Amino acid sequence: MKVINLMQKPDLPGSLLFQPAGLLALPHSVEVSDALSVNGSGVGGGSNSIKTALGEYFERRHFYREILSSKYGFLSESLTGAEVNSFARAFIQTASRKVSIREVEAHKFTLSKVVRALDFSMCLIPTVCISLSSYGLDDDNFIYPLRDTCGCSFHWCPNLAFLGAVKEYLERQFLVRFWLTKKCRSVVSTDRALELLSCKKIRHLYHALISAGEISVFDISDARFPGVCILVVYGQSKENHHVNYCAGMSYSATVSDALEKSILELWQTYRFMDLFKSVDSDEKRIEDYYLRYFLECNLYKTYQEIIDVQVVADGKRSVSPVEFTLPGFLSALNEQGVLGYFYVRRSMVNGVGCVFSKYVSPDLFLHMNNSQNINLSNKYSKEFAGAILPSRLEKMVPFP
(Lines give C-alpha, C1' and ligand atoms only; values in the text may rest on other atoms or scores of the structure.)
Protein backbone atom coordinates (compact mmCIF):
# COMPACT_ATOMS: atom_id res chain seq x y z
CA MET A 1 0.00 0.00 0.00
CA LYS A 2 1.42 3.38 -1.02
CA VAL A 3 0.13 6.63 0.50
CA ILE A 4 0.96 9.81 -1.45
CA ASN A 5 0.98 13.32 0.01
CA LEU A 6 -1.27 14.74 -2.73
CA MET A 7 -1.98 17.92 -0.75
CA GLN A 8 1.77 18.64 -0.76
CA LYS A 9 1.86 19.59 2.91
CA PRO A 10 5.49 20.69 3.41
CA ASP A 11 5.88 19.24 6.91
CA LEU A 12 4.81 15.74 5.81
CA PRO A 13 6.79 13.22 3.72
CA GLY A 14 6.01 12.77 0.04
CA SER A 15 5.09 9.11 0.25
CA LEU A 16 4.67 6.21 2.66
CA LEU A 17 4.99 2.64 1.41
CA PHE A 18 3.47 0.07 3.76
CA GLN A 19 4.57 -3.51 3.10
CA PRO A 20 2.71 -6.06 5.24
CA ALA A 21 4.58 -9.28 5.94
CA GLY A 22 3.77 -12.31 3.80
CA LEU A 23 3.46 -14.34 6.99
CA LEU A 24 1.50 -13.13 10.02
CA ALA A 25 4.34 -14.16 12.32
CA LEU A 26 6.80 -11.76 10.67
CA PRO A 27 6.97 -7.96 11.25
CA HIS A 28 5.62 -5.42 8.78
CA SER A 29 7.89 -3.00 6.93
CA VAL A 30 7.41 0.68 6.05
CA GLU A 31 9.41 3.05 3.84
CA VAL A 32 8.94 6.84 4.01
CA SER A 33 10.55 9.31 1.60
CA ASP A 34 10.34 12.72 -0.02
CA ALA A 35 11.40 14.32 -3.30
CA LEU A 36 14.75 15.44 -1.84
CA SER A 37 15.91 11.88 -1.11
CA VAL A 38 15.39 11.91 2.65
CA ASN A 39 14.25 8.44 3.69
CA GLY A 40 13.07 6.65 6.80
CA SER A 41 12.25 3.00 7.36
CA GLY A 42 10.84 0.86 10.11
CA VAL A 43 9.79 -2.69 10.95
CA GLY A 44 7.50 -4.00 13.64
CA GLY A 45 4.05 -5.25 14.46
CA GLY A 46 0.86 -3.24 14.00
CA SER A 47 1.41 0.51 13.74
CA ASN A 48 4.88 0.33 15.30
CA SER A 49 6.49 -0.02 11.87
CA ILE A 50 4.79 3.20 10.71
CA LYS A 51 5.77 5.09 13.85
CA THR A 52 9.39 3.96 13.57
CA ALA A 53 9.67 4.88 9.88
CA LEU A 54 8.09 8.31 10.35
CA GLY A 55 10.31 9.02 13.35
CA GLU A 56 13.44 8.13 11.40
CA TYR A 57 12.29 10.24 8.45
CA PHE A 58 11.57 13.37 10.52
CA GLU A 59 14.85 12.94 12.40
CA ARG A 60 16.97 12.66 9.27
CA ARG A 61 15.15 15.45 7.47
CA HIS A 62 15.75 17.82 10.36
CA PHE A 63 19.41 17.08 10.94
CA TYR A 64 20.22 17.12 7.22
CA ARG A 65 18.20 20.18 6.19
CA GLU A 66 16.89 22.23 9.11
CA ILE A 67 19.79 23.00 11.46
CA LEU A 68 20.18 26.73 12.04
CA SER A 69 23.27 28.55 13.27
CA SER A 70 23.10 31.39 15.80
CA LYS A 71 26.49 33.06 15.67
CA TYR A 72 29.96 33.11 14.18
CA GLY A 73 32.71 33.13 16.77
CA PHE A 74 35.31 31.42 18.96
CA LEU A 75 34.69 28.42 21.23
CA SER A 76 35.62 30.54 24.22
CA GLU A 77 32.80 33.03 23.68
CA SER A 78 30.30 30.94 25.67
CA LEU A 79 32.26 27.89 26.88
CA THR A 80 34.46 27.56 29.96
CA GLY A 81 38.16 26.87 29.73
CA ALA A 82 37.61 23.18 30.49
CA GLU A 83 34.93 22.93 27.79
CA VAL A 84 37.11 24.65 25.20
CA ASN A 85 39.95 22.27 26.06
CA SER A 86 37.71 19.20 25.63
CA PHE A 87 36.56 20.32 22.17
CA ALA A 88 40.06 21.36 21.12
CA ARG A 89 41.57 18.01 22.16
CA ALA A 90 38.84 16.20 20.21
CA PHE A 91 39.14 18.38 17.10
CA ILE A 92 42.91 17.99 16.73
CA GLN A 93 42.14 14.26 16.33
CA THR A 94 39.13 14.57 14.03
CA ALA A 95 40.61 17.20 11.68
CA SER A 96 41.45 16.15 8.14
CA ARG A 97 44.82 17.90 8.38
CA LYS A 98 47.19 18.51 11.26
CA VAL A 99 46.09 21.36 13.52
CA SER A 100 47.16 22.46 16.98
CA ILE A 101 45.03 23.20 20.03
CA ARG A 102 45.96 26.86 19.67
CA GLU A 103 44.71 26.89 16.04
CA VAL A 104 41.39 25.38 17.11
CA GLU A 105 41.03 27.94 19.88
CA ALA A 106 41.75 30.75 17.39
CA HIS A 107 39.34 29.38 14.75
CA LYS A 108 36.00 31.12 14.24
CA PHE A 109 33.22 28.53 14.07
CA THR A 110 29.63 28.69 12.94
CA LEU A 111 27.87 28.14 16.29
CA SER A 112 24.46 26.84 17.41
CA LYS A 113 22.61 27.05 20.70
CA VAL A 114 22.63 24.01 22.99
CA VAL A 115 22.15 23.32 26.69
CA ARG A 116 24.69 21.71 28.97
CA ALA A 117 23.70 18.21 30.14
CA LEU A 118 25.11 19.06 33.56
CA ASP A 119 22.74 21.89 34.49
CA PHE A 120 20.79 22.71 31.27
CA SER A 121 22.37 26.16 31.07
CA MET A 122 22.57 27.57 27.54
CA CYS A 123 25.80 27.86 25.54
CA LEU A 124 27.06 27.66 21.95
CA ILE A 125 28.96 24.82 20.28
CA PRO A 126 30.07 24.34 16.64
CA THR A 127 27.13 23.70 14.29
CA VAL A 128 29.31 21.17 12.52
CA CYS A 129 28.83 18.87 15.55
CA ILE A 130 25.06 18.92 15.01
CA SER A 131 24.28 19.23 11.30
CA LEU A 132 24.63 16.18 9.06
CA SER A 133 24.94 18.45 6.04
CA SER A 134 28.03 20.44 5.05
CA TYR A 135 25.95 23.31 3.69
CA GLY A 136 27.11 26.65 5.08
CA LEU A 137 29.90 25.03 7.09
CA ASP A 138 32.72 25.18 4.55
CA ASP A 139 35.18 26.83 6.97
CA ASP A 140 34.60 24.19 9.67
CA ASN A 141 34.35 20.96 7.71
CA PHE A 142 38.08 20.25 7.76
CA ILE A 143 38.04 20.27 11.58
CA TYR A 144 35.18 17.77 11.83
CA PRO A 145 34.71 16.14 8.38
CA LEU A 146 33.04 12.85 9.34
CA ARG A 147 29.53 13.03 10.79
CA ASP A 148 26.71 10.59 11.35
CA THR A 149 23.35 10.23 13.11
CA CYS A 150 24.99 9.25 16.41
CA GLY A 151 22.97 10.83 19.23
CA CYS A 152 20.12 12.15 17.05
CA SER A 153 16.57 11.78 18.32
CA PHE A 154 12.99 12.75 17.47
CA HIS A 155 9.94 12.38 19.71
CA TRP A 156 6.64 14.02 20.53
CA CYS A 157 7.64 14.19 24.22
CA PRO A 158 10.67 16.34 25.23
CA ASN A 159 11.87 14.00 28.00
CA LEU A 160 11.77 10.98 25.68
CA ALA A 161 13.59 12.93 22.96
CA PHE A 162 16.42 13.72 25.41
CA LEU A 163 16.46 10.13 26.69
CA GLY A 164 16.53 8.74 23.16
CA ALA A 165 19.44 10.99 22.20
CA VAL A 166 21.73 10.07 25.09
CA LYS A 167 20.74 6.39 24.96
CA GLU A 168 21.48 6.17 21.24
CA TYR A 169 24.80 7.95 21.73
CA LEU A 170 25.92 5.54 24.45
CA GLU A 171 24.79 2.55 22.39
CA ARG A 172 27.26 3.61 19.71
CA GLN A 173 30.02 4.05 22.30
CA PHE A 174 29.55 0.46 23.44
CA LEU A 175 29.69 -0.78 19.84
CA VAL A 176 32.95 1.02 19.03
CA ARG A 177 34.50 -0.24 22.28
CA PHE A 178 33.41 -3.81 21.47
CA TRP A 179 34.86 -3.60 17.96
CA LEU A 180 38.18 -2.06 19.03
CA THR A 181 38.81 -4.51 21.88
CA LYS A 182 36.98 -7.72 20.80
CA LYS A 183 35.58 -7.86 24.33
CA CYS A 184 31.98 -8.33 25.46
CA ARG A 185 30.19 -9.07 28.72
CA SER A 186 28.64 -12.34 27.54
CA VAL A 187 27.58 -14.43 24.58
CA VAL A 188 23.86 -15.20 24.71
CA SER A 189 23.20 -18.82 23.75
CA THR A 190 20.39 -19.84 21.39
CA ASP A 191 18.50 -21.54 24.23
CA ARG A 192 18.78 -18.42 26.38
CA ALA A 193 17.66 -16.22 23.50
CA LEU A 194 14.60 -18.40 22.89
CA GLU A 195 13.80 -18.24 26.59
CA LEU A 196 14.02 -14.44 26.58
CA LEU A 197 11.78 -14.26 23.52
CA SER A 198 9.25 -16.88 24.68
CA CYS A 199 6.52 -14.29 25.25
CA LYS A 200 7.36 -12.10 22.26
CA LYS A 201 6.07 -12.43 18.72
CA ILE A 202 9.56 -11.75 17.36
CA ARG A 203 10.57 -15.30 18.36
CA HIS A 204 9.13 -16.53 15.03
CA LEU A 205 11.52 -14.29 13.10
CA TYR A 206 14.39 -15.44 15.30
CA HIS A 207 13.50 -19.06 14.52
CA ALA A 208 13.49 -18.28 10.80
CA LEU A 209 16.88 -16.57 10.97
CA ILE A 210 18.61 -19.37 12.89
CA SER A 211 17.11 -21.87 10.43
CA ALA A 212 18.39 -19.92 7.42
CA GLY A 213 21.89 -19.13 8.66
CA GLU A 214 23.96 -18.47 11.77
CA ILE A 215 23.02 -16.05 14.55
CA SER A 216 25.29 -14.79 17.34
CA VAL A 217 24.10 -12.58 20.20
CA PHE A 218 26.44 -10.50 22.35
CA ASP A 219 25.90 -8.42 25.46
CA ILE A 220 28.20 -5.45 24.83
CA SER A 221 26.95 -3.37 27.78
CA ASP A 222 29.15 -1.16 29.93
CA ALA A 223 28.71 -1.82 33.68
CA ARG A 224 29.17 1.88 34.38
CA PHE A 225 25.77 2.56 32.81
CA PRO A 226 22.28 1.13 33.41
CA GLY A 227 20.43 -1.24 31.10
CA VAL A 228 21.55 -3.81 28.56
CA CYS A 229 23.01 -3.31 25.07
CA ILE A 230 22.61 -6.29 22.74
CA LEU A 231 24.34 -6.81 19.39
CA VAL A 232 22.94 -9.50 17.07
CA VAL A 233 24.87 -10.59 13.97
CA TYR A 234 23.79 -12.92 11.15
CA GLY A 235 26.10 -14.99 8.99
CA GLN A 236 25.53 -17.06 5.85
CA SER A 237 28.38 -19.15 4.41
CA LYS A 238 26.67 -19.95 1.09
CA GLU A 239 27.98 -17.52 -1.50
CA ASN A 240 24.87 -17.56 -3.70
CA HIS A 241 22.79 -15.86 -0.97
CA HIS A 242 22.14 -12.12 -1.15
CA VAL A 243 22.91 -11.59 2.55
CA ASN A 244 26.05 -13.14 4.00
CA TYR A 245 26.44 -10.75 6.93
CA CYS A 246 24.03 -8.48 8.73
CA ALA A 247 23.73 -6.85 12.16
CA GLY A 248 21.30 -5.21 14.54
CA MET A 249 21.72 -3.54 17.92
CA SER A 250 19.58 -2.09 20.70
CA TYR A 251 20.03 -0.60 24.16
CA SER A 252 17.12 -1.08 26.57
CA ALA A 253 16.28 -1.39 30.25
CA THR A 254 15.96 -5.20 30.05
CA VAL A 255 17.80 -7.88 28.10
CA SER A 256 14.60 -9.25 26.55
CA ASP A 257 13.58 -5.84 25.17
CA ALA A 258 17.09 -5.18 23.89
CA LEU A 259 17.18 -8.57 22.16
CA GLU A 260 13.77 -8.04 20.57
CA LYS A 261 14.63 -4.60 19.20
CA SER A 262 18.07 -5.68 17.96
CA ILE A 263 16.50 -8.52 15.94
CA LEU A 264 14.01 -6.07 14.44
CA GLU A 265 16.86 -3.75 13.48
CA LEU A 266 18.76 -6.65 11.92
CA TRP A 267 15.67 -7.65 9.96
CA GLN A 268 15.16 -4.11 8.71
CA THR A 269 18.69 -4.05 7.27
CA TYR A 270 18.45 -7.66 6.06
CA ARG A 271 15.35 -6.89 3.97
CA PHE A 272 17.01 -3.85 2.42
CA MET A 273 20.15 -5.80 1.52
CA ASP A 274 18.18 -8.72 0.08
CA LEU A 275 16.04 -6.44 -2.09
CA PHE A 276 19.03 -4.32 -3.09
CA LYS A 277 20.91 -7.38 -4.33
CA SER A 278 17.90 -9.02 -5.98
CA VAL A 279 17.36 -6.06 -8.34
CA ASP A 280 21.10 -5.66 -9.09
CA SER A 281 21.34 -2.14 -7.68
CA ASP A 282 24.62 -0.24 -7.86
CA GLU A 283 26.30 0.18 -4.46
CA LYS A 284 28.29 3.16 -5.73
CA ARG A 285 25.10 5.20 -6.10
CA ILE A 286 24.32 5.06 -2.36
CA GLU A 287 24.99 8.48 -0.84
CA ASP A 288 25.31 7.38 2.80
CA TYR A 289 28.92 6.22 3.13
CA TYR A 290 28.12 4.19 6.26
CA LEU A 291 25.53 2.14 4.39
CA ARG A 292 27.76 1.89 1.32
CA TYR A 293 30.59 0.58 3.49
CA PHE A 294 28.27 -1.86 5.24
CA LEU A 295 27.24 -3.36 1.91
CA GLU A 296 30.92 -3.82 1.08
CA CYS A 297 31.18 -5.86 4.30
CA ASN A 298 28.43 -8.25 3.18
CA LEU A 299 30.74 -11.25 3.45
CA TYR A 300 30.72 -14.36 5.61
CA LYS A 301 34.28 -13.57 6.68
CA THR A 302 32.94 -10.35 8.27
CA TYR A 303 30.64 -12.49 10.40
CA GLN A 304 33.55 -14.75 11.34
CA GLU A 305 35.65 -11.72 12.24
CA ILE A 306 33.05 -10.06 14.45
CA ILE A 307 32.21 -13.22 16.42
CA ASP A 308 35.87 -13.66 17.38
CA VAL A 309 35.41 -12.25 20.88
CA GLN A 310 36.67 -12.52 24.43
CA VAL A 311 34.07 -12.71 27.20
CA VAL A 312 35.16 -10.64 30.17
CA ALA A 313 32.22 -11.00 32.58
CA ASP A 314 30.16 -14.04 31.56
CA GLY A 315 27.48 -14.79 34.15
CA LYS A 316 28.76 -12.16 36.58
CA ARG A 317 26.88 -9.10 35.42
CA SER A 318 27.07 -6.26 37.90
CA VAL A 319 24.05 -4.03 38.32
CA SER A 320 24.42 -0.30 37.77
CA PRO A 321 23.25 1.70 40.80
CA VAL A 322 21.44 4.23 38.58
CA GLU A 323 18.07 3.81 36.86
CA PHE A 324 17.46 3.55 33.11
CA THR A 325 16.14 7.10 32.97
CA LEU A 326 17.43 10.44 31.72
CA PRO A 327 18.49 11.53 35.25
CA GLY A 328 20.16 8.13 35.67
CA PHE A 329 22.20 8.47 32.49
CA LEU A 330 23.19 12.05 33.22
CA SER A 331 24.24 11.03 36.73
CA ALA A 332 26.44 8.22 35.36
CA LEU A 333 28.04 10.54 32.79
CA ASN A 334 28.62 13.26 35.37
CA GLU A 335 30.23 10.71 37.70
CA GLN A 336 32.84 10.08 35.01
CA GLY A 337 33.45 13.76 34.39
CA VAL A 338 31.98 13.67 30.88
CA LEU A 339 30.95 17.05 29.48
CA GLY A 340 27.89 16.75 27.26
CA TYR A 341 25.42 18.99 25.44
CA PHE A 342 21.86 18.70 24.16
CA TYR A 343 20.79 20.40 20.98
CA VAL A 344 17.01 20.83 21.19
CA ARG A 345 14.44 22.33 18.88
CA ARG A 346 10.70 22.36 19.36
CA SER A 347 8.70 22.13 16.16
CA MET A 348 5.30 21.22 14.72
CA VAL A 349 4.40 18.36 12.40
CA ASN A 350 0.96 18.77 10.85
CA GLY A 351 -0.14 20.84 13.83
CA VAL A 352 1.26 18.50 16.49
CA GLY A 353 4.16 19.56 18.72
CA CYS A 354 7.40 17.57 18.60
CA VAL A 355 11.02 17.80 19.72
CA PHE A 356 14.29 17.19 17.89
CA SER A 357 17.33 16.52 20.05
CA LYS A 358 20.96 15.52 19.67
CA TYR A 359 23.46 14.67 22.37
CA VAL A 360 27.08 15.70 21.73
CA SER A 361 30.16 15.09 23.86
CA PRO A 362 33.83 15.65 22.95
CA ASP A 363 34.70 13.43 25.93
CA LEU A 364 33.19 10.41 24.13
CA PHE A 365 33.68 9.14 20.56
CA LEU A 366 32.16 11.87 18.38
CA HIS A 367 31.28 9.49 15.54
CA MET A 368 31.46 5.80 14.63
CA ASN A 369 34.16 5.63 11.96
CA ASN A 370 36.98 4.34 14.15
CA SER A 371 39.31 3.99 11.15
CA GLN A 372 39.87 7.70 10.48
CA ASN A 373 39.41 11.22 11.84
CA ILE A 374 38.10 10.03 15.20
CA ASN A 375 38.89 11.35 18.67
CA LEU A 376 40.27 8.00 19.80
CA SER A 377 41.76 9.49 22.95
CA ASN A 378 38.93 10.67 25.21
CA LYS A 379 37.60 10.26 28.74
CA TYR A 380 35.47 7.23 27.82
CA SER A 381 38.25 5.34 26.01
CA LYS A 382 40.79 6.02 28.75
CA GLU A 383 39.67 2.95 30.72
CA PHE A 384 40.20 0.49 27.85
CA ALA A 385 42.88 2.29 25.80
CA GLY A 386 45.40 -0.44 26.57
CA ALA A 387 43.07 -3.13 25.18
CA ILE A 388 42.52 -1.47 21.78
CA LEU A 389 43.80 -3.70 18.97
CA PRO A 390 45.81 -1.92 16.23
CA SER A 391 44.32 -4.24 13.58
CA ARG A 392 40.81 -3.05 14.47
CA LEU A 393 41.85 0.59 14.06
CA GLU A 394 42.53 -0.09 10.40
CA LYS A 395 38.95 -1.12 9.64
CA MET A 396 35.72 0.68 10.43
CA VAL A 397 33.20 -1.23 12.55
CA PRO A 398 30.89 -3.09 10.11
CA PHE A 399 27.55 -1.62 11.16
CA PRO A 400 24.96 0.23 9.05
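Strands are DSSP runs (E, at least two residues) and helices likewise (H or I, at least four), numbered from the N terminus. Two strands pair if DSSP finds at least two bridges between them. This is a predicted model: local features need pLDDT of at least 70, side-chain atom pairs count only at pLDDT 80 or more, and totals for chains, interfaces and linings use all residues. Residues are numbered from 1 along each chain as its sequence is written, and side-chain values use heavy atoms, with hydrogens and water left out.

Start with the open sheet. Its four strands run in the order S1-S2-S3-S4, with antiparallel pairing. S1 (2–4) and S4 (39–44) each have a single partner strand and stand at the edges, so one side of each lacks a neighbour in the sheet. S1 pairs with S2 (residues 15–19) over three bridges. There, lysine 2 has leucine 17 of S2 as its bridge partner.

Now turn to S6 (residues 109–116). Seven of its eight residues are buried, meaning under 20% relative accessible area with a 1.4 Å probe, protein chains only. S6 pairs antiparallel with S7 (residues 122–126) over five bridges. Lysine 113 meets its bridge partner, leucine 124, in S7. The hairpin of S6 and S7 has five residues between the strands, and phenylalanine 120 takes a positive phi near 60°.

Notes: Buried means under 20% relative accessible area, exposed over 50%, partly exposed in between (1.4 Å probe, protein chains only).
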